[in-house]
Amino acid sequence: MTSSLGSRFLLLWTACSLAHAQGLPPISAPFENPITPAKAVLGKILFWDEQLSSDGTVACGTCHQPRGGGADSREGRHPGFDGSFGNDDDAFGSPGIVRSSPTGTYLPSPHFGLRPQVTGRAAPTNIGAAYFTALRWDGLAGETIVDPQTRQARILLGGALESHAAGPPVVDVEMAYAGRTWDDVAARLATVRPLRVATGLPPDVAAALAGDPDYGELVRRAFGDRQITAERVIYALATYQRTLVPDRTPWDRFVGGDTGALTPTQRAGLALFEGAAGCARCHPPPLFSDDGFHNLGLRPAHEDLGWQLATNDPADRGKFKTPTLRNVGLRARFMHTGRLRTLAEVVDLYDRGGGPFTDNKDPRLAPLGLSAAQKAALVDFLANALTDPRVAAEQPPFDRPVLYAERAPRPFGDELAGSGAVAPRPLADAPLHAGNATFRIGLADALGGSVAVLAIGFSAAPGQRFGSLPVNLGLAPLPIALVLPTAGAGAGGGHATVQFALPAARAIGAPLYHQWFVADPSAPGGVAASRGAGGLLF
């Protein structure tokens, strides 16, 4: 693996060095997975389809949005190595799905309860990822891809994008219920309408979906027949991401001969970047990454072994991938821990000579002694000279649909706390699309071992009170009530799940609202209440 990676890196380094004046070199693809328009648009549809996840709430693009520089602008907190929140080892990762069983029942997570689980590392950018020989912060997505259904090796060289795409749909923190397999993923795609829960489709996607094809038809156009397999989904996802080439930055124009593309301050930052600051040693143009792995001393190496997980070599402990700096100015968090929030903090880190933890720290890191003006010039260069305006504006090929999670209705009205001064909380993340066969409504933060009543109504009416009890549903016609016990124990430990299929297309526009009431002796009047939730079917 290391030898193969070394040869690939040498080729990449040579290509990048020769292409410095022209910018990024052309994209290549594995022999086994050539780029075709039908495959690329299928991959784009899959990448932005929240239905690829087991509960219909998370797409690949949820954590990799162009306006965030291909990374995740949302914030989630992971407890880190010690498993406890609020310590220095906490990481800021990406919120995924609420933990659930294969049957759809909500299950509390040890760390996150009945809230979205969070990845242990920040999401790296996927824009420009086609140029790398290994992906993920730890490099575990290498060049070889094994079909997760047949267990046969399919790509031996250059398949890092395919290798990475095989993971998230079956990872239970990110997109999957516990134990989900690629057989389950393929079966789900065979039953859903592509991008059913998205709006604002880009022109190429809208054209591909004209006539309302199913995924079987889209697969036929790309691969020749209707069989939906893990390999085909993975190949399509990788192909789409090979179209994301961010090669129209001010820096690209500058090295192409447009001397006015960079401001004087940005030119000073570039000179520092390639000179006294030494940034280009690990972030060489035009990729602005050496495709390598380094330990910056951010955290003790034993907390996260990083590249050692891929190589099994202790000499690689605590090393993490050098990300491309293209579009770095759009990102909300930096480093694998996500703990740095501004580029000024990043520059300060390098100016100090890296982090304080010396175990296996890269020996090239040393204090720089930069002045305030030099730091400002570096930040200006990084933030502005390396941003492709098409990425920032989400224009083709970086355009995308609007996800359901971005426009989903939020809980409304008042709540009433019970035991432990905790109010029951509705779990209302399932898309309200007509015909949703796996629709579910959940309850969290209730009194465990009690009795809960789910009221389903047909209008929202926040602000009503009956004594101390808030009622957020319209009472005409009378709501439907379901009575069920709560699982779990103790104050705030109770939870419940109700599942049913939503009516088909003729129900589009129909209202569906709900609220939970929980028997709780500590609540005023003996009943705790959640806020209302729901909306109109679409």
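Predicted model: local features only at pLDDT ≥ 70, side-chain atom pairs only at ≥ 80, totals over all residues.

Biologist: What does the protein chain average in pLDDT?

Modeller: The average is 95, and 96% of the residues score at least 70. pLDDT is the predictor's confidence in each residue, from 0 to 100.

Biologist: Which element has the lowest mean pLDDT?

Modeller: Helix 1 (residues 2-18), at 39. Helix 2 (residues 37-47) has the highest, 99. Over residues 1-21, pLDDT stays under 50. Helices here are DSSP runs (H or I, at least four residues), as are strands (E, at least two), numbered from the N terminus.

Biologist: New topic. At what angle do helix 9 and helix 12 cross?

Modeller: Roughly 100 degrees, and their axes come within 7 Å. That makes helix 9 roughly perpendicular to helix 12 (65 to 115 degrees). The axes are lines fitted to C-alpha atoms over the stretch in contact, with angles from 0 to 180 degrees between N-to-C directions.

Biologist: Which residues make the contact?

Modeller: Among them are Leu270 and Phe273 of helix 9, and Leu378 and Phe381 of helix 12. Contact means heavy atoms within 4.5 Å.

Biologist: And which residues of helix 9 are buried?

Modeller: Gln266, Gly269, Leu270, Leu272 and Phe273. Buried means under 20% relative accessible area (1.4 Å probe, protein chains only). Seen down the axis, the buried residues of helix 9 fall within an arc of 165 degrees, so they line one face of the helix. That arc is taken from the directions from the helix axis to the C-beta atoms. They pack against helix 8 (250-255) and helix 12.

Biologist: Now Phe288. Where does Phe288 lie?

Modeller: In the loop between helix 9 and strand 5 (293-294). Phe288 counts as buried, at 0% relative accessibility.

Biologist: What is Phe288 in contact with, leaving aside neighbours within four places in sequence?

Modeller: Its contacts include Trp251, Phe273 and Phe381. Phe273 and Phe381 also take part in the contact between helix 9 and helix 12.

Biologist: Last one. Is Thr337 buried or exposed?

Modeller: Thr337 is buried, with a relative accessible area of 9%. Thr337 sits in the loop between strand 6 (320-321) and helix 11 (343-351). Beyond four places in sequence, Thr337 is in contact with Ala91, Phe92 and Arg299.

Notes: Residues numbered from 1 in each chain as written. Heavy atoms only, no water. Parallel < 35°, antiparallel > 145°, perpendicular 65-115°, else oblique. Buried < 20%, exposed > 50% of the residue type's maximum accessible area, 1.4 Å probe, protein only.
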